[in-house]
Amino acid sequence: MAESQMDDIEGARQRFLNHPFESKSFEVVADKLAQYAAACGETHPRYTDPSHEDFQATPTWCSCLTPNRLIPKDFPKFEGFSLDGGKDVQPLAPIRPGAVLTGESMVHDIYTKTGRSGRMIFIVSRMELTDQDGTKVAVADTRIVIREDPKKDGAGK
Amino acid sequence: MILDLHSHSIKSDDGRAKVKNYCQWIRKRDIGIDGFVLSEHRQFDNDSDYSPLAEEFGLTILKASEVETEYGHILVYGVTPALQQAFDFTRTDLRLADVVNACEDHGALPIPAHPGRPKVGMGAHIATHGVPEGIRIVETYNGGSRGNENDQALSLAAEQGYLGIGGSDAHIVSHIGRCATRFDGPVSSDAELLEALKAGAFEAIELETE
């Protein structure tokens with residue numbers, strides 16, 4: 001395999017990793033938090049009952065906050081099939097109703113792996129959420145998987 | 001002494017098994033292995049200390065790596081800090097010759113994983129790149145193989161005169177121990193594993209684990 005086969009990945013990493021490209025605001029509404037918790041099967045009133053003294057968002061709630069774009073406008077287009085590779089949330093502080101969160105988006109990681117189907121490219125889109133007081137409350141990652149077209153020359157070798 | 005020489009924990013991005021859960025499963029289901037080797041994808045786990053788990057469950061838990069080359073995936077045993085400086089484990093476009101040379105320089109051992117597998121098995125690339133130098137052992141029994149992939153690996157080993165090892169390639173708990181390697185003597189450390197592999201005193205086996 002030629003060294004140049006990963007140049008596309010290395011180039012994208014150097015150009016895009018951890019450079020914020022979008023900022024978006026989200027208002028935290030009690031009913032929405034409770035609905036999300038119920039939909040997840042959560043039963044603890046801390047998450048389901050807005051009248052509870054410690055009412056707050058479930059730890060994974062911010063995974064439903066979506067930026068306008070997961071990747072920058074000028075991000076390179078990798079040929080292949082795109083798949084949702086799942087989400088990770090790192091909760092850092094309680095999120096409560098009335099808060100106004102600012103989500104700052106960036107590409108956190110780009111990496112590849114090879115398998116039976118060839119090369120797969122993983123793009124980790126990260127949104128760092130900060131409340132109105134400047135406290136970072138969560139980090140939410142969304143993974144995009146691109147399975148390269150097996151017919152493409154060099155793909156997956 | 002029977003060791004599963006190829007497994008992945010949650011340290012690998014596609015691994016779904018915690019090491020403790022492997023241990024619990026082996027004991028609960030009386031899986032016929034004495035231990036296993038964690039060969040995480042594109043990395044070597046320098047941080048984890050599994051000795052308390054090994055002691056608690058009476059198992060040998062060792063560490064290796066699975067790297068990616070133009071010949072597919074290569075298991076590397078005997079990884080040292082110096083070897084980790086010799087090439088970038090994270091890359092998916094390593095040259096096998098570079099991996100083999102680095103292993104020779106640092107006393108490690110490269111063993112092609114699932115060589116009968118399309119795309120990521122060594123056998124799929126011999127027609128294009130030729131028979132690689134510096135390979136003496138391949139993984140002839142892989143627990144994640146489909147169809148005749150292990151037969152292809154066995155054929156390749158017979159043709160080239162390679163020795164064979166076995167590993168489950170487990171990514172989930174219930175797959176641990178599907179394939180393994182039987183050693184003539186005890187193996188209780190990474191150094192002893194390396195020595196036993198280099199001595200060639202072993203055989204690949206399949207185990208009934210269901």
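**Entry 1**

I looked up B:Ser168 and found it buried, with 28 C-beta neighbours inside 10 Å; a residue is called buried if 20 or more other C-beta atoms lie within 10 Å of its own, exposed if 12 or fewer, and partly exposed in between, with C-beta atoms placed from the backbone. The model is a predicted one, in which local features need pLDDT of at least 70 and side-chain atom pairs count only at pLDDT 80 or more, while totals for chains, interfaces and linings use all residues. Residues are numbered from 1 along each chain as its sequence is written, and chains are lettered from A and ligands numbered from 1 in the order in which they are written.

I placed B:Ser168 in the loop between S7 and S8 of chain B. Helices (H or I, at least four residues) and strands (E, at least two) are DSSP runs numbered from the N terminus. I then listed the contacts of B:Ser168, leaving aside neighbours within four places in sequence; among them are B:Asp4, B:His6, B:Ser7, B:Gly143, B:His175 and B:Cys179. Two residues are in contact if their C-beta atoms, placed from the backbone, lie within 7 Å.

**Entry 2: Positive phi in chain B**

I checked B:Asp169 next; it has a positive phi of about 60° although it is not a glycine. B:Asp169 sits in the loop between strand S7 (163-167) and strand S8 (179-183) of chain B. Its 27 other C-beta atoms within 10 Å make B:Asp169 buried.

Is B:Lys119 buried or partly exposed? I found 18 C-beta neighbours inside 10 Å, so B:Lys119 counts as partly exposed. This residue is not a glycine either, and its phi is positive at about 65°. I located B:Lys119 in the loop between strand S5 (109-112) and helix H5 (126-129) of chain B.

**Entry 3: Helix H1 of chain B**

I asked which residues of helix H1 (residues 19-28) of chain B are buried, and found B:Val19, B:Tyr22, B:Cys23 and B:Ile26. They cover an arc of only 100° around the axis, which puts them on the same side of H1(B); the arc is that of the directions from the helix axis to the C-beta atoms. An α-helix has 3.6 residues a turn, so residues three or four places apart point the same way. I recorded that the cover over the buried residues of H1(B) includes strand S1 (2-7), strand S2 (35-41), helix H2 (51-57) and strand S3 (60-69) of chain B. Just after H1(B), I found a positive phi of about 55° at B:Asp30.

**Entry 4: Strand S4 of chain B**

I examined strand S4 (residues 72-77) of chain B, where six of the six residues are buried, so the strand is largely enclosed by the rest of the structure. S4(B) pairs with S3(B) in the antiparallel sense over five bridges; two strands pair if DSSP finds at least two bridges between them. In this pairing I found B:Ser65 opposite B:Val76 in S4(B). A hairpin of two residues joins S3(B) to S4(B). S4(B) also pairs with S5(B) in the antiparallel sense, over four bridges, and I noted B:Ile111 in S5(B) as the bridge partner of B:Leu75.

**Entry 5: Chain B as a whole**

I counted seven helices and nine strands in chain B. Buried residues make up 51% of its 210 residues.

**Entry 6: Chain A**

I turned to chain A, which has three helices and five strands. Buried residues make up 26% of its 157 residues, and its C-alpha atoms fill a box of roughly 60 × 30 × 20 Å along the principal axes.

I traced the five strands as an open antiparallel sheet in the order S1-S3-S4-S5-S2 (chain A). Strand S1 (22-27) and strand S2 (81-91) of chain A stand at the edges with a single partner strand each, so one side of each lacks a neighbour in the sheet. The twist averages 25° from one strand to the next; axes are lines fitted to C-alpha atoms, for helices over the stretch in contact, and angles run from 0 to 180 degrees between N-to-C directions.

I noted six bridges in the antiparallel pairing of S1(A) with strand S3 (residues 100-115) of chain A, and A:Leu101 in S3(A) as the bridge partner of A:Phe26. Helix H1 (residues 7-16) of chain A lies across S3 and strand S4 (118-130) of chain A, running at about 160° to S3(A).
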